[in-house]
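Welcome! Let us take a friendly walk through this structure, one region at a time. Please have the sequence and the 3D view open as you read.

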Protein chains: 2
Amino acid sequence: MTKENLIACHSRIKPFIHNTPVLSSRLVNNLVGAEVYFKCENFQKAGAYKMRGATNAIIQLTDEKKANGVVTHSSGNFAQALSLGAQSLGVKATIVMPSNSPKVKKNAVLEYGGQIIECEPTIEAREAAAEHIVKTTGATFIHPSNDLDVILGQGTACVELLHEQPELNAVFCPVGGGGLIAGSSLAAHYFGVNCMIIGGEPFEADDAYRSLISGKIESNITANTIADGLRTQLGHHNFPIIQKHVNRIIRVTEQEIIEAMRFIWERMKIIIEPSSAVTFAAVLKEKDQFKNKKVGVIISGGNVDVNNLPFNI
Amino acid sequence: MTKENLIACHSRIKPFIHNTPVLSSRLVNNLVGAEVYFKCENFQKAGAYKMRGATNAIIQLTDEKKANGVVTHSSGNFAQALSLGAQSLGVKATIVMPSNSPKVKKNAVLEYGGQIIECEPTIEAREAAAEHIVKTTGATFIHPSNDLDVILGQGTACVELLHEQPELNAVFCPVGGGGLIAGSSLAAHYFGVNCMIIGGEPFEADDAYRSLISGKIESNITANTIADGLRTQLGHHNFPIIQKHVNRIIRVTEQEIIEAMRFIWERMKIIIEPSSAVTFAAVLKEKDQFKNKKVGVIISGGNVDVNNLPFNI
């Protein structure tokens, strides 16, 4: 996972992704007391940064493996990303999705040409279903976050952010499976100038926070958070990178997530999903530590079911 | 209302407004079969293009008049715009608002330093309340749409759009009180190259459509549309401009408005209000006439009450 690997990965996926805009807002800067730069991966193809890692992982396959297709299990955004990435590379994608995934995410997978296999919403059920497909079709399993090619791909969002704002003092990322924050921490390490990487995580799914304290991968017993993209677990590929390069993780409540999401929607007029609001909520929660600093925030995605929004909770 | 007037107005208000981005989307272009350029006034200060006309009208006042403050009646966005415009110019603003205005709009007025006087949601009631304030305080009444300085100011959004995309074949605007479309039609006349101006209007408040047919200002009996910014009536200042320069008006149903809004939210990940969705709905409705053309769409604003969204209707 060298600087050269990251640069090569970025060149490889560039034709298939957007270099998404970096937005700022006077209102936000006043509220936080810092210069805040939002890397808007909600405007990425398929609506989330996951397109980066998915595309990188598929491109790296041999032609023979490409011919057998790819398979993943995903609670949402990686499902769409792998479907669209595969479609644009002429590869078949099969997606194992928990039966309680938001309808808008299922529809998007179908639209991008992915084939959905539904399973019970447990880690065991989805792993078993994916394994069955690998065995019966010869497809290559691509993990949404615990895969070195995926981690490198996800890191390219932070590479672009630091290219546009090289002097960031900190970059905030959401922490779900750990792919984005691991990749971002590599980007900050190689391209930042003493740039801290800080994770945002819901109290309700704080496996990464606890793992960093205990020094081993901890599990979420329940993951009862509105931030559906962050219910997943760290993996053995990304955890060592996170241990080495991530400075800290800030936990936020469900109410803080909803309020941060409402603020961005109402004031910046952009659609961000709850998992992205976690990150901004983390900034707000500890804003006193970033007075007059330059802070980056990776807005991970904008895929929400508009029929089922949390603002009335 | 000359080209020079429009240029001078633009220079005058530039320090107080954003030159908002022009966005496009491959998905939208594929759906419409044309190149569509969205002028995103939802990212304007106070969340709508109204900031332009309000600021121009206030700047034009004498110092003596400025000292007595300004007053308007508005169903929403002009209220916020006049409050913020007045605040940034050190002028007091009083806003007469119908009692059923969305709470998010009332809160924004208060936050921008405006003083709210509530009235019954009828045109008569709000005119009477505004007149009372003018008489008792000496404040200057500024109409949200039927005012030449306001019309010029609103036209500057289309000036900027045509500066960025000079070869647009048509620009679509929503039609409420008529200020935006009148100003935009002047901009297209002076800065476009055979650029048509087309209005989008709800069937439920189609006064402009009927007025263009009859040749005189028609009234909305009811205005039972979700597009709350478009419930207002044309006026004697903007109607002659509209008659002269607007090519046609396309009417859309409430369902078409909601579907257009959902599409922009879900696919472009930006928050637009129902009045802006009317315009995109009009593009979709008659897209066959714009095959392979270049089409501009003025996204008028992004002020919605996220507690009260229409997608479940």
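Predicted model: local features only at pLDDT ≥ 70, side-chain atom pairs only at ≥ 80, totals over all residues.

How many of the six residues of β2(A) are buried? Five of them are, which leaves the strand mostly covered.

**The two domains of chain A**

Stepping back, chain A is divided into domain 1 (3-48 + 147-299) and domain 2 (51-141). The C-alpha centres of domain 1 and domain 2 of chain A are 23 Å apart. Where they touch, 24 residues of domain 1 of chain A are in contact with 18 residues of domain 2 of chain A. On the domain 1 side of chain A, the elements that contribute two or more residues to this contact are α1 (3-13) and α8 (148-164) of chain A. The largest share, eight residues, belongs to α8(A). Sorted by class, that side of domain 1 of chain A holds 10 nonpolar, eight polar and six charged residues.

**A four-stranded sheet in chain A**

Next, look for an open sheet of four strands in chain A, with the order β5-β4-β3-β6 and parallel pairing. Which strands stand at the edges? They are β5 (115-119) and β6 (140-141) of chain A; each has a single partner strand, so one side of each has no neighbour in the sheet.

Strand β3 (residues 70-73) and strand β4 (residues 93-98) of chain A pair in the parallel sense over four bridges. To find your way along this pair, look for H73(A), which stands opposite V96(A) in β4(A). Helix α7 (residues 123-137) of chain A lies across β3, β4, β5 and β6 of chain A, and runs at about 170° to β3(A).

**Helix α6, seen in both chains**

Helix α6 (residues 103-111) of chain A has K105(A), K106(A), A108(A) and V109(A) as its buried residues. These cover an arc of only 160° around the axis, which puts them on the same side of α6(A). They pack against α5 (77-88), β4 and β5 of chain A.

Now turn to chain B, where the buried residues of helix α6 (residues 103-111) are K105(B), K106(B), A108(B) and V109(B). Looking down the axis of α6(B), you would see these buried residues fall within an arc of 160°, so they line one face of the helix. Their packing partners are α5 (77-88), β4 (93-98) and β5 (115-119) of chain B.

A glycine with a positive phi comes just after the helix in each chain, as the table shows.

| Helix | Glycine just after the helix | Phi |
|---|---|---|
| α6(A) | G113(A) | about 90° |
| α6(B) | G113(B) | about 85° |

**Where the chains meet**

Between the chains, 16 residues of chain B are in contact with 16 residues of chain A. On the chain B side, the largest share, three residues, comes from α12(B). By class, the chain B side is made up of eight nonpolar, five polar and three charged residues.

Helix α12 (residues 254-268) of chain B is also where you will find W265(B). Is W265(B) buried or exposed? It is buried, because 21 other C-beta atoms lie within 10 Å and a count of 20 or more qualifies as buried. Leaving aside its neighbours within four places in sequence, W265(B) is in contact with I271(A), V306(A) and I271(B).

**One last stop**

Finally, visit M196(A) in strand β8 (residues 196-202) of chain A. M196(A) is partly exposed, with 19 other C-beta atoms within 10 Å. Beyond its neighbours within four places in sequence, M196(A) is in contact with N169(A), A170(A) and N247(A). The C-alpha atoms of M196(A) and G176(A), which are 20 residues apart along the chain, are separated by 19 Å.

Note on methods
Residues numbered from 1 in each chain as written. Chains lettered and ligands numbered in written order. Buried ≥ 20, exposed ≤ 12 C-beta atoms within 10 Å, placed from the backbone. Arc of directions from axis to C-beta. Contact = placed C-beta atoms within 7 Å. Domains from an automatic or database assignment. Nonpolar A, V, L, I, M, F, W, Y, C, P; charged D, E, K, R; others polar. Pairing = 2+ DSSP bridges. Axes fitted to C-alpha atoms, helices over the stretch in contact; angles between N-to-C directions.
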